[in-house]
Amino acid sequence: MPASKLKAHYDVVVVGTGYGGGVAASRLARCGQKVAVLERGREFLPGDFPDGVARASAETQMHGAHGRFGSATALFDVRLGKDIHVLMACGLGGTSLINANVCLAPDPRVFEDDAWPGEVRRDRLVAEGFVRARHMLRPEVSRRSPSYEKVAALRLAASAFDRPLTPIPLHVAYESGPNAAGVHQAACTECGDCCGGCNVGAKTTVASTYIADAVAFGAEVFTGVRVLSLSKDERHGWRVWVMPTDADTHRGHKYFITADIVVLAAGTLGSTEILLRSQAEGLPLSPWLGSRFTSNGDAIALAYNNDVPVNGIGVGNPPKAQVPPVGQAVNALIDLRDAKDVRDGLAMCECALPSAFASALPALLAPGAMVFGEQEQRTLADELEALERATDSLIKGAYQGAVHHTQTFLAVGHDAGNGLMRLEDDRLVIEWGNGPQQRVFQRIEEMIKTATYATGGTYMRNPVSEKVLGGNLMTVHPLGGCTMGETRGSGVVNHKGQVFDASPGAGADAVHAGLYVCDGAVVPCPLGIHPLLTITALAERAMILIAHDRGWHMRDEAAPVQAPSLEPEAARERNLAWFALWRRRSPAPVEGE
């Protein structure tokens, strides 16, 4: 819906359309509230995601000390920092558009950490949140997962740890039909392109579930709207200051709408930035705002040119190469989270790289392995065979030779969670000087090297982590910044996500009425596993509590079926028509009252 149709006032404004924002929009719409959902990015339909390097480059925006490069609504949103880089998505559905769909819960001991408010550690609503999240996302393990070559290679690597592989439940449709929100999805084609955006329509994104459910119950969704800050409004509760995403920040037209309730769910970086700017403009907030940033112990690395085939490059839709089914982006886990101290736990999975980058990989990886790679001693025969594979990739492309024998690893652990986010010249920056030196990242590197050598590959760090290229960490799972606490002396929000009020004379647990944060920013410590399911569960819990506190009835009937069961091509066409509810249009500014 175009921003020109924004009303002056809503019962609820939800900022962001990732897992937290999707839950809030759906559940509050089901409570009968008039809900507006604001998304800075644009809508992506099946078939819109980049299928080559040129389009992927056009769909990349980078933010750093020298400003932004690329479109403000480009899909891949890279934040370049002094100490750490962050990759997230910009679009309707948030990072669910380009993540690996991993639905795993943390080790239960994570919730025993004193960083969590006592209510979270004691009540059963977190468990109820996980039940509701699974009901909507419907994660399942692929029955074909053992047949994928990248899984077979990971199984060989797991033998070096004397561990079996753990299959991973994914929010992917393996069969065509309506999902939990009544939206028809085509069946997964096992193309491996999950992390580049699903052009099949099989990826069960937030846009196709929670946001679709919210629309079915009356919510209005607006794309291309950037939220700048919040301020109190004496008559209407809150002013939400916005501007068109693609407008120049300094010359763009700033305006506001009002709401009784505002739910910030713009992601760890987005929600923190909005509150930091609001604080700078006078909103009294906890001094903990911006603190406890964590990368969730993320590390990305490669095992280049293994002795066994991996088939870990997506082929897209239609397929770019005649290779065996790649599978989904990830399928299995080497789970080392059973350490005596939960903070010593590690986990690692394989990952298929999107086909959009396939043509560039041979020329990128071969010299990278020569300059930065590490490997165990090989025989001359092994060296010659590896060289032949590298030559094959350079000549014949990524679906043969060394790149076809390359495994990508995603690992998570527990870092110290002591990063800091702040505004500098109205730009969010992350300070985490000791981040790369933390022991967890050395332990992850040792783990990935062990896995790499088990399959005869060359270990390669993420290139940006090399000292000559800055030595920065890269995370796809940023958490913290608006963390939960018992009072404003220990956190930014309480266990319900209500934002603490730091006004002079206000009690330590006083909150700003009607202001909530509901995304990864509230998580007060690393989770040690992919966070999407936990973020969704915590958001479900928060919505249960909002409805209870306000005496609202949350309707629980099934959403209406949005499309009949059709053949894949016909289903895709039907999906395009359904998604046209949110057709792209240039947003026109609207004056607030």
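User: Where does N305 sit, in terms of strands and loops?

Analyst: Keep in mind that this is a predicted model. Strand 14 covers 299–304 and strand 15 covers 332–336. N305 falls in the loop between strand 14 and strand 15.

User: Is N305 buried or exposed?

Analyst: The cut-off for buried is under 20% relative accessible area. N305 has a relative accessible area of 4%, so it counts as buried.

User: Which peptide bond is cis, with omega near 0°?

Analyst: Look at P318, in the loop between strand 14 and strand 15. The cis peptide bond, with omega near 0°, runs from N317 to P318.

User: What about D426, is it buried, partly exposed or exposed?

Analyst: D426 lies in the loop between strand 18 (420–424) and strand 19 (427–431). It has a positive phi of about 65° although it is not a glycine. Buried would need under 20% and exposed over 50%. D426 comes in at 39% relative accessibility, so it is partly exposed.

User: Moving on to D193: how far away is the nearest side chain of opposite charge?

Analyst: D193 is in the loop between strand 9 (184–185) and helix 6 (210–216). It is buried but has no salt bridge. A salt bridge needs the charged atoms within 4 Å. The nearest side chain of opposite charge is K320, and its distance is 5.1 Å.

User: Then which side chain does the side chain of D193 make a polar contact with?

Analyst: D193 touches several residues beyond its sequence neighbours, among them G314, L353 and P354. The polar contact, at 2.7 Å, is with the side chain of S355.

User: Last one: which residues does Q279 contact, leaving aside neighbours within four places in sequence?

Analyst: Q279 lies in helix 7, residues 267–280. With a relative accessible area of 30%, Q279 is partly exposed. Its C-alpha atom is separated by 24 Å from that of G41, 238 residues apart along the chain. The contacts of Q279 are L285, S286 and L289.

Conventions. Residues numbered from 1 in each chain as written. Predicted model: local features only at pLDDT ≥ 70, side-chain atom pairs only at ≥ 80, totals over all residues. Heavy atoms only, no water. Helix = DSSP H or I, 4+ residues; strand = E, 2+ residues; numbered from the N terminus. Buried < 20%, exposed > 50% of the residue type's maximum accessible area, 1.4 Å probe, protein only. Lys, Arg positive; Asp, Glu negative; His and termini not counted. Polar contact = N/O pair within 3.5 Å; in protein donor to acceptor, adjacent residues only side chain to side chain. Contact = heavy atoms within 4.5 Å.
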